[in-house]
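Subject: Structure handover

Hello,

Here is the structure for your files.

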Amino acid sequence: MTKDLKSLRSIIELIVSSFKNQKLDLNFGALSLRNNQSTFIEGCMNKFFEKIGKISYTPFELALAKTIDYYYVQFNSKIK
């Protein structure tokens, strides 16, 4: 397992870039941080893997694209 850290901003930008033909304005930094707000969180996944078992690796961008496609289909099936 690689340590492939991603910022929340980069994840949001990837999601927004998948919405073709739509203009979405992102206002990163428009609000100041709250007192004691965490700006970096990292955790250990060992207990998770002990309970669930080994999970095959999927590149983040591919997994995100599949997740977006899944929810796109779910959403569009409800508005027809």
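The notes below cover the salt bridges and one surface patch.

This is a predicted model, in which local features need pLDDT of at least 70, side-chain atom pairs count only at pLDDT 80 or more, and totals for chains, interfaces and linings use all residues. Residues are numbered from 1 along each chain as its sequence is written, and side-chain values use heavy atoms, without hydrogens and water.

Salt bridges

There are two salt bridges in the structure (a side-chain nitrogen of Lys or Arg within 4 Å of a carboxyl oxygen of Asp or Glu).

One joins Glu61 to Lys6, with the closest N and O atoms 3.6 Å apart. Glu61 sits in helix H3 (60–78) and Lys6 in the segment before helix H1 (8–17), so the pair ties together parts 55 residues apart in sequence. Helices here are DSSP runs of H or I, at least four residues, numbered from the N terminus. Glu61 is partly exposed at 43% relative accessible area, and Lys6 is partly exposed at 29%. (Buried is under 20%, exposed over 50%, partly exposed in between, with a 1.4 Å probe and protein chains only.)

Arg9 and Glu13 form a salt bridge at 3.1 Å, N to O. They are four residues apart in helix H1, about one helical turn. Arg9 is partly exposed at 44%; Glu13 is too, at 35%.

Surface patch

Met45, Phe48, Ile52 and Ile55 make a nonpolar surface patch of about 370 Å². Such patches take residues with over 30% relative accessible area and no salt bridge, nonpolar side chains (Val, Leu, Ile, Met, Phe, Trp, Tyr) being joined within 5 Å. Areas come from the Shrake-Rupley method with a 1.4 Å probe. Ile52 lies in helix H2 (46–52) and is exposed, at 55% relative accessibility.

Best wishes

Terms used. Helices (H or I, at least four residues) and strands (E, at least two) are DSSP runs, numbered from the N terminus. Patches are made of residues with over 30% relative accessible area and no salt bridge: like charges are joined within 9 Å, nonpolar side chains (Val, Leu, Ile, Met, Phe, Trp, Tyr) within 5 Å.
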